[in-house]
Amino acid sequence: MTNFETQSFIYPGTLFAASFIMTTIQISAADFKEKIFDYETEQEWKYKGQYPAIIDFYADWCGPCKAVAPVLEELATEYDGKLVIYKLDTEQERELSAMFGIQSIPTLLFIPMDGPLLIQKGALPKHILKQVIDERLLRAEEAS
């Protein structure tokens with residue numbers, strides 16, 4: 001599935017196009033290896049994605065995770081075509097969560113196109129998330 005899809009609906013004499021903007025994307029460890037980094041075959045970190053990304057390590061039972069989820073949905077829509085936001089369930093993907101040392105949730109992993117990863121524990125407010133995205137992910141992308 002792409003970040004942006006358009007579907008057309010034809011009614012007699014009229015053509016309507018409905019646009020669907022991608023929101024956050026649920027991923028598994030297999031998706032992580034395919035889209036982000038294959039930790040089983042690669043030794044050195046090299047991000048595979050086309051856009052900077054955020055991975056939200058969460059669990060369904062986590063209150064702060066539920067609080068930050070709508071903010072991440074808004075940001076996924078707002079930065080569509082510039083940034084990808086993934087969600088990874090720590091209950092389902094314990095091995096991958098352990099690899100990143102996830103001990104508290106939510107934990108956000110910020111992935112620039114180049115350079116070091118940034119890990120932040122806790123639910124951040126939207127204005128702080130936007131600041132990190134603009135200054136650490138997108139500005140770094142513009143400088144390349």
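What is the handedness of the disulfide of Cys62 and Cys65? The torsion about its S-S bond is about 80°, so this disulfide is right-handed. Keep in mind that we're looking at a predicted model.

**The disulfide**

- The structure has 1 disulfide, and the two residues it ties together are Cys62 and Cys65.
- Sulfur to sulfur, Cys62 and Cys65 sit 2.5 Å apart.
- Cys62 comes out at a relative accessible area of 3%, and buried means under 20%, so Cys62 counts as buried.
- Cys65 is buried too, with a relative accessible area of 3%.

**Where Gln26 sits**

- Gln26 belongs to strand 3, which covers residues 25-27.
- With a relative accessible area of 44%, Gln26 is partly exposed.
- Gln26 and Ile85 are 59 residues apart along the chain, and their C-alpha atoms are separated by 8.8 Å.

**What Gln26 touches**

- If you skip the neighbours within four places in sequence, Gln26 is in contact with Asp31, Tyr58, Lys87, Leu88 and Asp89.
- Tyr58 meets Gln26 side chain to side chain, in a polar contact of 3.0 Å.
- Lys87 comes in through its backbone: the backbone oxygen of Lys87 is 3.4 Å from a polar atom of the Gln26 side chain.
- So what does the side chain of Gln26 make with the side chain of Tyr58? A polar contact, at 3.0 Å, while the backbone oxygen of Lys87 lies 3.4 Å from a polar atom of that Gln26 side chain.

Methods: Residues are numbered from 1 along each chain as its sequence is written. This is a predicted model: local features need pLDDT of at least 70, side-chain atom pairs count only at pLDDT 80 or more; totals for chains, interfaces and linings use all residues. Side-chain values use heavy atoms; hydrogens and water are left out. A disulfide is a pair of cysteine sulfur atoms within 2.5 Å. Buried means under 20% relative accessible area, exposed over 50%, partly exposed in between (1.4 Å probe, protein chains only). Helices (H or I, at least four residues) and strands (E, at least two) are DSSP runs, numbered from the N terminus. Contact means heavy atoms within 4.5 Å. A polar contact is a pair of N or O atoms within 3.5 Å; within protein, one must be able to donate a hydrogen and the other to accept it, and residues adjacent in sequence count only if both atoms are side-chain atoms.
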